[in-house]
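I opened this model to see how its parts are packed. The entries below follow the order in which I looked things up.

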Amino acid sequence: MNLDLGFSDNEELQTERGQIADSLKKDAYFLACLKKLGIDSSLIERFPMKLNRYREQLYICKECKGLSYCVNKDVGHTATLSIENGKLKQAYNPCKYMQEVLRKEKKEREETPYLKKYILNDVPNDCLRADFDTINISKGEKASYIKAVNLLDSSLPYEKGYYLYGDVGVGKTYLASCISNYYAKQNQSIAFIHVPTYLNHLKNSFDSNVEYEFYLNSVRNADVVVFDDIGAESVTSWSRDDILEPLLNERMNRRLLTIFTSNYSQEDLLQYYRTSSKGVENELGALRLLERVKALSQEVKIEAKNRRHA
């Protein structure tokens, strides 16, 4: 049995559409936004539901204070409207905050095109523009640091790599970045790896042969490789004997430029690699690794003020 209550769904919908249309016509901010887009307000009668959804988006973005506050599904994008073939189309474009990010990224790419030469890039953000020509040597800097910087700068291009060691925060990674950026600007391929991070990437890619080989081949074949923070990783027979030693051996045999940074001197690094994190000693494995480090690099001690606390 059907009961006619005298008020169809269609009538309810029409009533709702009329109420929304009236609300839209009275919304000064919404009307101003429509005008800015070149959309005639007469379309409110035809598309009240779609325009109301657009208005809701407008007010969400109007109150937004920045990308970290964005609640949109597509972060940093806001709704816009256009008319195509008589139909109202809604799309999502970068908001003012995202546009600023994109402008900065574009400027960064334009000013640092050499970064495209990095196959693997663990260079810290504050070292991406590192350059010997603009390096900041503050008043009262240690003479040994100035001497080391002058040596590294004046020796370019190198016939042999360097092993930069010293205390935490003295600028070893920054100097290594100056070197790698120099070669990137000479159109050389670069793999700049933070050793503990690189080994973790390898472990995590065990299930993907393609990804695993990519990480290995990048270090095998890059014109210049920086092993940043070698000795900061946990020592295992896998990392020392199966990964690092074969990679260094191949680069040594092919005479490919290799740079190291470490908190350890080469002699201290030898002692560190003698014993695995599980307490297993392997003096031969440590010696084999260090022979290749020494064959690839000249040791330079970096002594300077701690730049992280400056």
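This is a predicted model: local features need pLDDT of at least 70, side-chain atom pairs count only at pLDDT 80 or more; totals for chains, interfaces and linings use all residues.

Entry 1, a serine. I began with Ser180 and left aside its neighbours within four places in sequence; the residues in contact with Ser180 are then Tyr118, Ile190, Phe192 and Val226. I took contact as heavy atoms within 4.5 Å. Ser180 sits in helix H6. I used helices (H or I, at least four residues) and strands (E, at least two) as DSSP runs, numbered from the N terminus. Ser180 has a relative accessible area of 0%, so I put it down as buried. Buried here is under 20% relative accessible area, exposed is over 50%, and partly exposed lies in between, with a 1.4 Å probe and protein chains only.

Residues are numbered from 1 along each chain as its sequence is written, and side-chain values use heavy atoms, with hydrogens and water left out.

I traced six strands in an open sheet, in the order E3-E5-E6-E7-E4-E8, with parallel pairing. Strand E3 (118-121) and strand E8 (297-301) are at the edges with a single partner strand each, so one side of each has no neighbour in the sheet. From one strand to the next the twist averages 10°. Strands count as paired if DSSP finds at least two bridges between them. E5 and E6 run parallel and are joined by five bridges; Ile193 has Phe227 as its bridge partner in E6. I also found helix H8 (residues 209-221) packed on the sheet, where it touches E3, E5 and E6, and its direction makes about 115° with that of E3. For such angles, axes are lines fitted to C-alpha atoms, for helices over the stretch in contact, and the angles run from 0 to 180 degrees between N-to-C directions.

Which residues of E7 are buried on each face? Leu257, Ile259 and Thr261 are buried on one side, and Thr258, Phe260 and Ser262 on the other. Six of the six residues of E7 are buried, so the strand is largely enclosed by the rest of the structure. Four bridges link E7 to E6, in parallel, and Phe227 stands opposite Phe260. Three bridges link E7 to E4, also in parallel, with Ser262 as the partner of Tyr165. E6, helix H9 (residues 237-253) and E7 form a right-handed β-α-β unit. Right-handed means that, with the strands pointing away from the viewer, the path from the first strand over the helix to the second runs clockwise.

Ser262 lies in E7 and counts as buried at 0% relative accessibility. Ser262 and Ile230 are 32 residues apart in sequence, yet 5.3 Å apart in space, C-alpha to C-alpha. Beyond four places in sequence, the contacts of Ser262 include Tyr163, Gly166, Lys172 and Leu269.

I took a nonpolar core as a set of buried Ala, Val, Leu, Ile, Met, Phe, Trp, Tyr and Cys residues joined through side-chain atoms within 4.5 Å. The largest has 33 residues, and Phe132, Leu152, Tyr158, Leu175, Tyr183 and Ile302 have the most contacts inside it. H6 gives the largest share of this core, six residues. Apart from it lies another core, of 32 residues, among them Tyr215, Phe227, Ile243 and Leu247.

I searched the whole structure and found 14 aromatic pairs. Rings of Phe, Tyr and Trp (its six-membered ring) pair if their centres lie within 6.5 Å; planes under 30 degrees apart are stacked, over 60 edge-to-face, and the rest tilted. Tyr158 and Tyr162 are edge-to-face, at 4.9 Å centre to centre and 75° between the planes. Tyr158 is buried at 10% relative accessibility, and Tyr162 is buried at 5%. Phe206 and Trp238 are edge-to-face too, at 5.8 Å and 80°. This pair links distant parts of the chain, 32 residues apart, with Phe206 in the loop between helix H7 (195-204) and H8 and Trp238 in helix H9. Phe206 counts as partly exposed at 48%, whereas Trp238 is buried at 19%. Last, I noted one aromatic cluster formed by Tyr158, Tyr162, Tyr182 and Tyr183.
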